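Dear colleague,

I am passing on the structure below, followed by an account of what was found in it. Please keep it open beside the text as you read.

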Amino acid sequence: MKASRSAAERQRVWARIRGEALIAPSLLSADFVHLADEIKTMEEAGAQLLHLDVMDGHFVPNITFGPAVVASIRGQTDLWLDAHLMVTDPGAFLLPFAEAGADSVTIHAEATADLARIRQDADRLSIVLGLAIRPDRPVAGTLASIGGLFDLILVMTVMPGYGGQSYMEGSSERIREAAAFCAASPRRPVLEVDGGIRSGTVSDAAANGANWLVAGNAIFRDPNPFRAFRSLQAEVGGVARGPGRPAS
Ligand code: DX5
Ligand code: ZN
C-alpha cells in the first residue's frame, strides 16, 4: 500500500516534472474494473503522472468518482496524481482530495466565488493548484484577471464532461495565448492541455507551448495502451522513464 507524499517530497517531484513534455493518461477512459492493471501498464510505459477527472453531474452532465477512488488509486501508485475537478463549489473538496492523495487539484473558476480562500487552502495543504479554462471562456482575459493565483493552467480543448471528443478548432491559438501568460507569470505555471489529444493534435499542442498533455481515449481505447502511451510520448520528444517491458 502506497501513501500520500510529504510536502517536501511533493515539491521534489513537482520540481522534476513541471518543465517536461509529459503525456498525462486520463483514467476516465480506462477499464475501471481493472484499474490497478491499467495504472501498472502506464507505470511500465514510463508515465510520470495520472490525470483524474472528477465530475459531479451538476457542473458537468456526467458523474465519475470522488475522493474514495482517488485514495484507492494512491494506494496503488507513486505517480503524480493530477485531479481535475469538474464540480460545483470545488473549494469544499480541496481537503478531501488532498487527504486522498491528490498532488495537484485543478478547478474551474466559474464554479466558485472564493478563489483567494482556495489559494490559501492549497498552500496550507501543500498541493499544486490549477485553473481550468473551458473552450467557451476567453483565455487571455481570464488569465489576466486571475491567472496569477495558479501553479498550473489547464486549457481545455473540448467541452468538459466526456472523453473521446475532437480537439476543437481554435485550440492552437488559445494554447499560444496561455503559453505567453505562463512564460511571463512569476509562478511559471505548468501549461496543461486536455481533450482530443491524439497523434497529430499532441504535437500541435506541444508545439504551441503546452507541456502536460492529457490523453484518455487515445491511450485506453487503443488495443495496446502501453504502445499508445509510448508513441504519444515519443511524438512530443519526451523521455519514457518507466521500467519498460517488451511491446507486444
Ligand atoms: C473531459 C476530461 C478529459 C478527458 C479527455 O472532460 O477533462 O480529461 O478524459 O479525454 P480524451 O483524451 O478522450 O479527449
Ligand atoms: Zn480532464
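Trp-14, Trp-80 and Trp-212 make up one aromatic cluster, where rings of Phe, Tyr and Trp (its six-membered ring) pair if their centres lie within 6.5 Å, and planes under 30 degrees apart count as stacked, over 60 as edge-to-face and the rest as tilted. Please bear in mind that this is a predicted model, in which local features need pLDDT of at least 70 and side-chain atom pairs count only at pLDDT 80 or more, while totals for chains, interfaces and linings use all residues. Residues are numbered from 1 along each chain as its sequence is written, chains are lettered from A and ligands numbered from 1 in the order in which they are written, and side-chain values use heavy atoms, with hydrogens and water left out.

Four aromatic pairs turn up in a search of the whole structure. One of them, Phe-32 with Phe-65, is tilted, at 5.9 Å centre to centre and 50 degrees between the planes. Phe-32 sits in the loop between β1 (22-25) and α2 (35-45) and Phe-65 in the loop between β2 and α3 (67-74), so this pair ties together parts that are 33 residues apart in sequence; helices (H or I, at least four residues) and strands (E, at least two) are DSSP runs, numbered from the N terminus. Phe-32 is partly exposed at 40% relative accessibility, whereas Phe-65 is buried at 10%, buried meaning under 20% relative accessible area, exposed over 50% and partly exposed in between (1.4 Å probe, protein chains only). Trp-80 and Trp-212 form an edge-to-face pair, 6.4 Å centre to centre with 70 degrees between the planes, and link strand β3 to strand β8 (residues 212-215) across 132 residues.
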